[in-house]
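Please walk me through this structure. Start with single positions, then move on to the sheet and the ligand site.

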Amino acid sequence: MSEKLVFRFDVSGNDFTSAGQASVQVKKNLRQLGFDNEIIRRVSIAMYEGEINMVIHAGGGVAEVHVCEEYIEIILDDHGPGIKDIEKAMQAGYSTASETIRSLGFGAGMGLPNMKKNSDEMKITSEVGVGTRIVMKINCKGTNE
Amino acid sequence: MKISKMQELLDAKVLCCEENLGKHVYSAFGCDLMSDVLAYVTDQAVLLTGLVNPQVIRTALMMDMVCIVFVRSKEPNEEMINLAKENGIVMMSTNKTLYTTCGLLYSNGLVGTAEVEK
Ligand SMILES: Nc1ncnc2c1ncn2[C@@H]1O[C@H](COP(=O)(O)OP(=O)(O)OP(=O)(O)O)[C@@H](O)[C@H]1O
Ligand SMILES: [Mg+2]
């Protein structure tokens with residue numbers, strides 16, 4: 001794999017049933033490419049949390065995964081309400097999720113901290129009323145965390 | 001613990017991937033909150049839950065879990081069964097509650113995931 005591969009997914013915001021499908025596909029692709037299990041696991045968790053967030057908080061968006069030998073980069077873009085206070089949102093336990101979302105098994109305020117924990121670099125840019133962009137990088141060689 | 005042993009202890013109905021009943025699980029995690037599964041599960045584990053939706057299967061898949069036990073006689077639909085099948089995840093359903101299910105497995109030697117530090 002000398003070239004960089006790019007996987008792109010439209011993440012629907014209307015249908016919770018399909019939330020997580022893009023991450024399932026990425027996991028499958030990375031397995032086929034022969035990546036190390038621990039790397040695949042970290043990418044899977046980081047992307048899945050981000051994908052679910054796009055569905056439940058932002059009405060969907062676009063997910064891109066850039067893959068090369070040295071690193072895997074996950075880029076999540078949405079045109080949702082944006083995050084007013086990123087520092088607060090990053091705190092474990094902080095969540096604005098509704099009761100409905102909680103009854104579906106999410107909304108504990110664990111997602112963003114978990115995304116940070118599982119990536120080597122994470123950058124959030126967000127503007128209220130415009131949208132949110134999250135870029136996570138997982139290095140494939142050398143030290144993790 | 002062998003998955004087949006869990007099935008016996010819980011008197012559970014196997015819903016898919018019977019061919020994997022011989023696989024082992026090394027710990028268990030019981031809850032209806034997928035956020036916590038994603039944050040705390042670490043090793044080849046079984047998920048015990050009363051929540052039934054496609055995200056349960058996808059969460060287990062992301063965490064490399066090998067088996068899902070639905071408690072309180074809950075059963076997944078065909079779409080969920082197909083997703084588990086594609087990925088070799090054994091699913092079963094028991095009429096016991098989550099508490100009883102955890103108790104039976106724990107007292108027979110299956111430990112929980114590591115303690116959580118604040
Ligand atoms: N893409 C997004 N657009 C708008 N707000 C977001 C987005 N992602 C996260 N947030 C905000 O940040 C908060 C914290 O997110 P986080 O993922 O940590 O928790 P959660 O999604 O509420 O619960 P969990 O991830 O445990 O299921 C959310 O409740 C929401 O207010
Ligand atoms: Mg979240």
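**Two loop positions in chain B**

B:Thr94 sits in the loop that runs between β5 (90-93) and α5 (98-107) of chain B. Helices (H or I, at least four residues) and strands (E, at least two) are DSSP runs, numbered from the N terminus. This is a predicted model: local features need pLDDT of at least 70, side-chain atom pairs count only at pLDDT 80 or more, and totals for chains, interfaces and linings use all residues. Residues are numbered from 1 along each chain as its sequence is written, chains are lettered from A and ligands numbered from 1 in the order in which they are written, and side-chain values use heavy atoms, with hydrogens and water left out.

Is B:Thr94 buried or exposed? Its relative accessibility is 1%, so B:Thr94 counts as buried. Buried means under 20% relative accessible area, exposed over 50%, and partly exposed in between (1.4 Å probe, protein chains only). Not counting residues up to four places away in sequence, B:Thr94 touches B:Leu10, B:Ala12, B:Val69, B:Phe70, B:Val71, B:Arg72, B:Ser73 and B:Thr101. Contact here means heavy atoms within 4.5 Å. B:Lys74 is 20 residues from B:Thr94 along the chain, and their C-alpha atoms are separated by 7.7 Å.

B:Asn20 also belongs to a loop, the one between β1 (13-16) and β2 (27-30) of chain B. B:Asn20 has a relative accessible area of 15%, so it is buried. With residues up to four places away in sequence not counted, B:Asn20 touches B:Ile3, B:Gly88 and B:Val90.

**The sheet of chain A**

Now turn to chain A. Its 5 strands form an open sheet in the order β1-β2-β3-β5-β4, with antiparallel pairing. β1 (5-12) and β4 (121-127) of chain A stand at the edges with a single partner strand each, so one side of each has no neighbour in the sheet. From one strand to the next, the twist averages 10 degrees. Two strands pair if DSSP finds at least two bridges between them.

Strand β3 (residues 71-78) of chain A has 7 of its 8 residues buried, so the rest of the structure largely encloses it. Strand β2 (residues 60-67) of chain A runs antiparallel to β3(A), and 7 bridges join them. A hairpin of 3 residues connects β2(A) to β3(A). Across this pair, A:Glu64 has A:Ile75 in β3(A) as its bridge partner.

β3(A) also pairs with strand β5 (residues 131-139) of chain A, in the antiparallel sense and over 8 bridges. Here A:Ile74 has A:Met136 in β5(A) as its bridge partner. A:Asp77 stands opposite A:Arg133 in β5(A).

Helix α2 (residues 37-58) of chain A lies across β1, β2, β3 and β5 of chain A, at about 5 degrees to β3(A). Axes are lines fitted to C-alpha atoms, for helices over the stretch in contact, and angles run from 0 to 180 degrees between N-to-C directions.

**The ligand site**

Which chains surround ligand 1? Residues come from chains A and B, so the site is shared between chains. There are 21 surrounding residues (one heavy atom within 4 Å), the closest being A:His57, A:Ser95, A:Thr96, A:Gly107 and B:Ser35.

An oxygen atom of ligand 1 lies 2.6 Å from a polar backbone atom of A:Gly107. For a polar backbone atom of A:Ala108, the distance to an oxygen atom of ligand 1 is 3.0 Å.

Terms used
Polar contact = N/O pair within 3.5 Å; in protein donor to acceptor, adjacent residues only side chain to side chain.
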